[in-house]
Amino acid sequence: MITTMQLTGKITRDTLMPLEAYAKWRKLHKPEVIAHRKLRTVHLGEHLTVQFESELSMRYQIQEMLRIEKIFEEEGIQDEIDAYAPLVPDGTNWKATLMIEYPDVHERRRELARLIGIEDRMFVEVEGHGRVYAIADEDLDRETPDKTSAVHFLRFEFSPAMRAAIKAGASVKLGCDHTNYPAHVTIPPETLASLAGDLRD
């Protein structure tokens, strides 16, 4: 029986913990996972949060869903894997969850209407290279003609030269050039170090 969270490069049913084992592991390790997720979170202005995902964050998400929903049948477990495993970066990219956050419900409704298309205007800019725009919502379209969704899934795909530059310590910006939300920020060094670990040469 698997009693700890193993990073194997591929999430399968065989590499997940049974519910009982996960409950014990969670008590001990939840703070580490929260710290890992916080390290890989970048805020872009007041209202955009980008959570860069990893195998650890997605394993945790899957295990949490199985725990909360008390899923132990093979088909249900596979459904959760199919939902979340595609968000694990695979060596040439970063994958992220974009959250558009407005606490006031009326303001949120208004802004989601103004921000249609924002997911396609998210970019990463590696020092010395051109911008890489996000490939957004590959699983399903999250937009209607009236508004965008508050949550989007992004993939930033890098050339070999960009990956080498990131791993060599180049500065990297995360930004958005949507007309109604222009913003950019330099990714902090400690966050960038974690993200560089997602890339292979």
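Student: With the side chain of which residue does the side chain of threonine 148 make a polar contact of 2.8 Å?
Tutor: A polar contact is a pair of N or O atoms within 3.5 Å; within protein, one must be able to donate a hydrogen and the other to accept it, and residues adjacent in sequence count only if both atoms are side-chain atoms. Here the partner of threonine 148 at 2.8 Å is the side chain of histidine 152. The side chain of glutamate 119 also joins that of threonine 148, through a polar contact of 3.3 Å.

Student: What should I know about the model before going on?
Tutor: This is a predicted model, in which local features need pLDDT of at least 70 and side-chain atom pairs count only at pLDDT 80 or more, while totals for chains, interfaces and linings use all residues. Residues are numbered from 1 along each chain as its sequence is written, and side-chain values use heavy atoms, with hydrogens and water left out.

Student: Where is threonine 148 placed, and is it buried or exposed?
Tutor: Helices (H or I, at least four residues) and strands (E, at least two) are DSSP runs, numbered from the N terminus. Threonine 148 sits in the loop between strand 6 (135–136) and strand 7 (151–157). Buried means under 20% relative accessible area, exposed over 50%, and partly exposed in between (1.4 Å probe, protein chains only). With 1% relative accessibility, threonine 148 is buried.

Student: How do I read salt bridges, and how many does the structure hold?
Tutor: Side chains of opposite charge can pair when their charged atoms come close. The criterion is a side-chain nitrogen of Lys or Arg within 4 Å of a carboxyl oxygen of Asp or Glu. The structure holds 13 salt bridges. One of them joins arginine 40 to aspartate 198, with the closest N and O atoms 2.6 Å apart. Arginine 40 is in the loop between helix 1 and strand 1 (41–44) and aspartate 198 in the segment after helix 6 (189–196), so this pair ties together parts 158 residues apart in sequence. Arginine 40 is buried at 1% relative accessibility, and aspartate 198 is buried at 15%.

Student: Which residue forms a salt bridge with glutamate 74?
Tutor: That is arginine 13, at 3.2 Å from N to O. Distant parts of the chain are linked by this pair: glutamate 74 belongs to helix 3 (residues 74–84) and arginine 13 to the segment before helix 1 (19–39), 61 residues apart. Glutamate 74 is exposed at 52% relative accessibility, whereas arginine 13, at 34%, is partly exposed.

Student: What separates glutamate 64 and arginine 67 along helix 2?
Tutor: About one helical turn, because they are three residues apart in helix 2 (residues 55–69). Glutamate 64 is buried at 10% relative accessibility, and arginine 67 is partly exposed at 31%. Elsewhere, salt bridges that share partners join Arg121, Glu125, Arg131 and Asp177 into one network.

Student: How do I read a sheet, and what is the order of the open sheet of four strands?
Tutor: Two strands pair if DSSP finds at least two bridges between them. The order of this open sheet is 5-4-8-9, with antiparallel pairing. Strand 5 (131–133) and strand 9 (181–186) are at the edges with a single partner strand each, so one side of each has no neighbour in the sheet. Strand 8 (residues 172–178) pairs with strand 9 over six antiparallel bridges, and histidine 178 has tyrosine 181 in strand 9 as its bridge partner.

Student: Why is strand 2 described as largely enclosed?
Tutor: Five of the five residues of strand 2 (residues 48–52) are buried, so the rest of the structure largely encloses this strand. Leu48, Val50 and Phe52 cover one side, with Thr49 and Gln51 on the other. Strand 2 pairs with strand 1 over four antiparallel bridges, and five bridges join strand 2 to strand 3, also antiparallel.

Student: Finally, which residues touch the most other members of the largest nonpolar core?
Tutor: In soluble globular proteins, nonpolar side chains tend to be buried together. A nonpolar core is a set of buried Ala, Val, Leu, Ile, Met, Phe, Trp, Tyr and Cys residues joined through side-chain atoms within 4.5 Å. Trp94, Met122, Phe156 and Phe158 touch the most other members among the 36 residues of this core. Strand 3 (residues 93–100) gives the largest share, four residues.
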